[in-house]
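I opened the model to look up pockets, cavities and charged pairs. My notes follow.

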Amino acid sequence: MRIKNMYNRDFVSAGTTILTSKPFAYVLRSLLRNERCDYCLQSGKLFKCSVCQYVYYCNRICQKEAWSVHKVECPNLKRISPKIIPDAARLMARIIIKLHQGGGEEMGYYSETNYRKFKDLMSHYSDIKKDVKRMEHFTSLCGVLFEFLGNVPIPNSAELMGIYGRICINSFNILDPDMNSIGVGIYLAPSVIDHSCKPNAVAVFEGTTIIIRTLEDLPCLNWSQIKISYIDLLNSTKDRCEELQNSYYFLCDCQRCMQSEPMATAAACPKTSCTYPNSFSATVCKKCNAKFPSNFKETFDEVTEFTAHHLQDMKNMACILPNYNIIVPYLIIDLDVSKICLKKQEGVLHTFNIQYVRTLEAAFDASVNLNSWEEAEHYGKKLIPGYLLYYGEIHPLTGLLYLMTGKIQLHLNKAKQAYDTLRKAHSVLTITHGERHSLLSENLKPLLYQAMNVVKDL
């Protein structure tokens, strides 16, 4: 099946959709199985599959569309109930089912004549075989598959490892409009796109459909030069390289990775009016010659260790407590801990130090989830410069931060500020998502219209 794409273009402007694709195989995250449709991944009123009592659907249409794969899953989900199948195991099972149904011949076109089949996706077989953690994970998944699939023929171990490797290397997190992961999928054509920590394109989603859009003007559509980011860009070069090596078995050689990043681990100048990013081992500021305290390095190390510990704790808690009613007390703790970290960081970490930006992010998220709007606006405004530095001016997360901050300002009756902030969100999100995306049509545009009308009446 051919998919929407663009080719033979002499010039491609920023904000152009160059590829859209439906998934070859995908799964809804099990943590959300009671909250979202197993087929279209939308939330809302759902009904449970009457046989397996495991998956939920929006309506009969979604249930019918899902049936080709679910008819094989369904009796097996019922048989092993009440066990919850790990997402990776269920995705592997769905790929096995689809390959049995002839899915190996499905073609994902990324140009008029070029396409990819599932077998064309890289598996990094030899790398995974040497990766102890991945092999332990693979072995555990095989045990789950043999129990789960019952009478479904299972490929031999080499073929299974090839499937597992293709999932590890090629899967995309399927994101909701707020950029939260709600599922995992394999997309054939988009798998051709390489990584860069300074990307010129971005992957966004409308339901399960992946949309690849350009972030900057390009002289032509050359797929070897189209780059997206496989990882979170709000990390130091060292951490990004480590994640790429551990997860994808390569190192990035983009412009950003080849340059030094003095801001990432920078220390604040002792003189509060100076904004120069210093090394944590500096004795005097290189710009204003202000002297650092004799024990500054020890203080810096203590603060960074304290911050790293609490940021990891908050990240772990967010993963294991997805239900809002359960996590409210933990959100209060997160906000309090974030404030403590920010207080310790004052005068020690530079405002562009990644730990400081991450702490602001944690404080902002906790404030939003607790409906603490004044604090949320405060942290959102302070977070924007860090996002502009690490994600860039044109990035979905930058646009979403503007959108959320503008929405908060509108709620706080700061219509003029809200209108200005929402206009910035619009300028970013029209490039990353496009005017027709539901994020703009159902969320941003009504808010912008509301703010504009209030401003007119002032």
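I began with the lining of the second largest pocket: β2 (25-28), α1 (60-80) and α2 (87-100) each give it at least two residues. Helices (H or I, at least four residues) and strands (E, at least two) are DSSP runs, numbered from the N terminus. This is a predicted model, in which local features need pLDDT of at least 70 and side-chain atom pairs count only at pLDDT 80 or more, while totals for chains, interfaces and linings use all residues. Residues are numbered from 1 along each chain as its sequence is written, and side-chain values use heavy atoms, with hydrogens and water left out.

**Second largest pocket.** I noted a volume of about 610 Å³. There are 26 lining residues, and P23, F24, Y26, Y39 and K98 are the closest to the pocket centre. I looked up what a pocket is here: on a 1 Å grid over the protein atoms alone, an open set of points with protein on both sides within 12 Å along at least five of seven lines. A cavity is a set of points where a 1.4 Å probe fits but cannot get out, and lining residues have an atom within 4 Å of a point. Grid points are joined across faces, edges and corners, and a volume is the space filled by probe spheres set on the points.

α1 supplies the largest share of this lining, 4 residues. By class I found 13 nonpolar, 6 polar and 7 charged residues. Nonpolar covers Ala, Val, Leu, Ile, Met, Phe, Trp, Tyr, Cys and Pro; charged covers Asp, Glu, Lys and Arg; the others, Gly among them, are polar.

**Domains.** I read the chain as domain 1 (15-26 + 85-259), domain 2 (31-83) and domain 3 (294-457). These bounds come from an automatic or database domain assignment. Domain 1 and domain 2 each give at least three residues to the lining of the second largest pocket. The C-alpha centres of domain 2 and domain 3 are 34 Å apart.

**Cavity.** I found 1 cavity of 30 Å³ or more. Which residues line the largest cavity? They are L175, D176, P177, M179, V204, F205, H433 and H437. By class, that is 5 nonpolar, 2 polar and 1 charged.

**Salt bridges.** I searched the whole structure and got 21 salt bridges. The rule is a side-chain nitrogen of Lys or Arg within 4 Å of a carboxyl oxygen of Asp or Glu.

R29 pairs with D87, with the closest N and O atoms 3.7 Å apart. R29 is in the loop between β2 and β3 (47-48) and D87 is in helix α2, so the pair ties together parts 58 residues apart in sequence. R29 is partly exposed at 23% relative accessibility, and D87 is buried at 19%. Buried means under 20% relative accessible area, exposed over 50%, partly exposed in between (1.4 Å probe, protein chains only).

I then turned to D176, a residue of the cavity lining. D176 forms a salt bridge with R36, at 3.8 Å between the closest N and O atoms. D176 sits in the loop between β7 (172-175) and β8 (181-186) and R36 in the loop between β2 and β3, so this pair ties together parts 140 residues apart in sequence. Both D176 and R36 are buried.

K343 and E346 meet in a salt bridge at 4.0 Å, N to O. Both K343 and E346 are exposed. My last entry is a network of salt bridges linking D38, E73, R90 and R94.
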